[in-house]
Amino acid sequence: MTPARLKLNGMTKTYGSMRANDDISLEIAAGEIHALLGENGAGKSTLMKMIYGVTRPDAGVIEWNGQPVTINSPKDARALGIGMVFQHFSLFETLTVAENIALAMDEQVSLDALSARIIEVSEHYGLPIAPQRLVHHLSVGERQRVEIVRCLLQNPKLLIMDEPTSVLTPQAVEKLFETLRLLAAEGCSIVYISHKLDEIQALCHHATVLRHGQVSGTCQPKDETVAHLAQMMIGQSLPHYEHSKVTLGEERLSVKHLSIATDDPFGVSLNDVSFSVRAGEILGIAGISGNGQAELLAALSGERTSQAEMIHMLGCDAGHLRPMQRRQLGLGLCFVPEERLGKGAVPAMSLAENALLTAYSSMPNMLSKGMMQLRVIRDFAERCIERFKVKCDSADSLASSLSGGNLQKFIMGREIMLAPALMVVAQPTWGVDVGAATFLRQQLLDLAAQGVAIVLLSEELDEIFQVADRIAVLAQGRLSPAVDIDSTTPDQIGVWMSGLFETDAA
Ligand SMILES: Nc1ncnc2c1ncn2[C@@H]1O[C@H](COP(=O)(O)OP(=O)(O)OP(=O)(O)O)[C@@H](O)[C@H]1O
């Protein structure tokens, strides 16, 4: 019998008191697409980091084609034939595609020879990419292609993909799946990590489910319903959304003819953007980040100021106001995803300290005579941890020690608990498991039912269709008209996301 391509036996890894992986065993055959799923903090990334040589296991054996191996570094992993495409790209903006790939190669090759191989591989796998293009001209989908082509040039026998579709349009997801199916048909095994259960069903042959660091089940996803997959993952069925009937109130935000030149050399300027949102309403702004999303967020938060009347917020002309002045008017902000560590939270600070950072403008009792009121701050952080089921040791845990999805829950929870009058939320469920995503989206619906006006920027079309009342698309710095969610479809919005809304809307 042919040995498994990859066999894990008893993989165990502990961080302090947290057993991130507890005696995990699994097998992946050649040419198999294997899903790894589990709720936030279940231990998926930890397991992959051990296979890719980023982290050393405390115990356990990795067998590669039937032979026990020790993988001490990503270079060791690549030498075996293991490639990994990370959630966050690590490309240099000012270099070309070929130069970026050359930097990541373990062996020296001339740029001409490399460019020829890039063209060959990209054509074979249907991943068109021109080697001489500068990375800063590439869309997010194209950047992901560069990362995938970089791995494919090393002729991998196992490719690990960590939430690869969170940044892609529906059309680009379909293209990616075609490539992955072709790779698998040629014998490459694929580990596919995703929180999107419908994608796992469409793509994967087998699945291993992790819960609390252990294997809680295995299945063939095509034979399961999405509801059952969710149940295996979170231990209970997914609740349904409750949409209350909301009578819309006054206009809380109106943006008029906002044009802002980007201050990022690789950013996108906003071009004549106008929209409004009323009390009790959720306006979804769809689009792939990198199309002016960062600039719009900066303009709404007050990080970038504009002419006062371009942004009318909570009864005031506010375009000229700074972030803290806007928060004092009643603006709540949840940023993420790439900026989750950095803008959403400060990694080297505890959760309690992170709570203080934005909460004190709405909760003045967190500070008294310039002194931090530790009890009040801790109490707020602890309530947030409990209410939003944030998996961590305590309010003293460093933000950097939380799994991605758990930090996201904390950042969202912190803002929701401040109950603002107007909330601007970007990518609220990025990297969050299905159970927690449903919970967070329901929180947004409940806030709207209480009369909060919400602007929701999201790359997840499903999310916007689940909660928003109206939808607009931000593409190449321009905003489409906002239309009622019932009057459009995800496919049409997908087309608008490529910037083609003017003819359609007309
Ligand atoms: N460097 C670290 N220091 C302390 N704890 C850690 C560290 N890395 C991971 N952990 C903990 O190990 C557990 C598993 O984390 P891991 O990132 O593997 O989860 P995950 O399943 O990938 O989650 P997500 O879906 O949110 O990305 C979490 O509770 C996390 O807080």
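How far apart do the C-alpha centres of domain 1 and domain 2 lie? In this predicted model, the answer is 31 Å. Domain 1 covers residues 6-234, while domain 2 is made of 251-346 + 419-505; these bounds come from an automatic or database domain assignment. Residue numbers start from 1 along each chain, following the sequence as written. Because the model is predicted, local features need pLDDT of at least 70 and side-chain atom pairs count only at pLDDT 80 or more, though totals for chains, interfaces and linings use all residues.

So what happens where the two domains meet? Here 18 residues of domain 1 are in contact with 17 residues of domain 2 (contact means that C-beta atoms, placed from the backbone, lie within 7 Å). Helices here are DSSP runs of H or I with at least four residues, numbered from the N terminus. Sorted by class, this side of domain 1 holds seven nonpolar, eight polar and three charged residues (Ala, Val, Leu, Ile, Met, Phe, Trp, Tyr, Cys and Pro count as nonpolar, Asp, Glu, Lys and Arg as charged, and the others, Gly among them, as polar).

Now for a pair of helices. The axes of α4 (residues 111-124) and α5 (residues 140-153) come within 10 Å and cross at roughly 105°; axes are lines fitted to C-alpha atoms over the stretch in contact, with angles from 0 to 180 degrees between N-to-C directions. The two helices are therefore roughly perpendicular to each other, a label for angles of 65 to 115 degrees. Arg117, Ile118, Val121 and Ser122 of α4 meet Val149, Leu152 and Leu153 of α5. That contact has five nonpolar, one polar and one charged residues.

How values were computed: Parallel < 35°, antiparallel > 145°, perpendicular 65-115°, else oblique.
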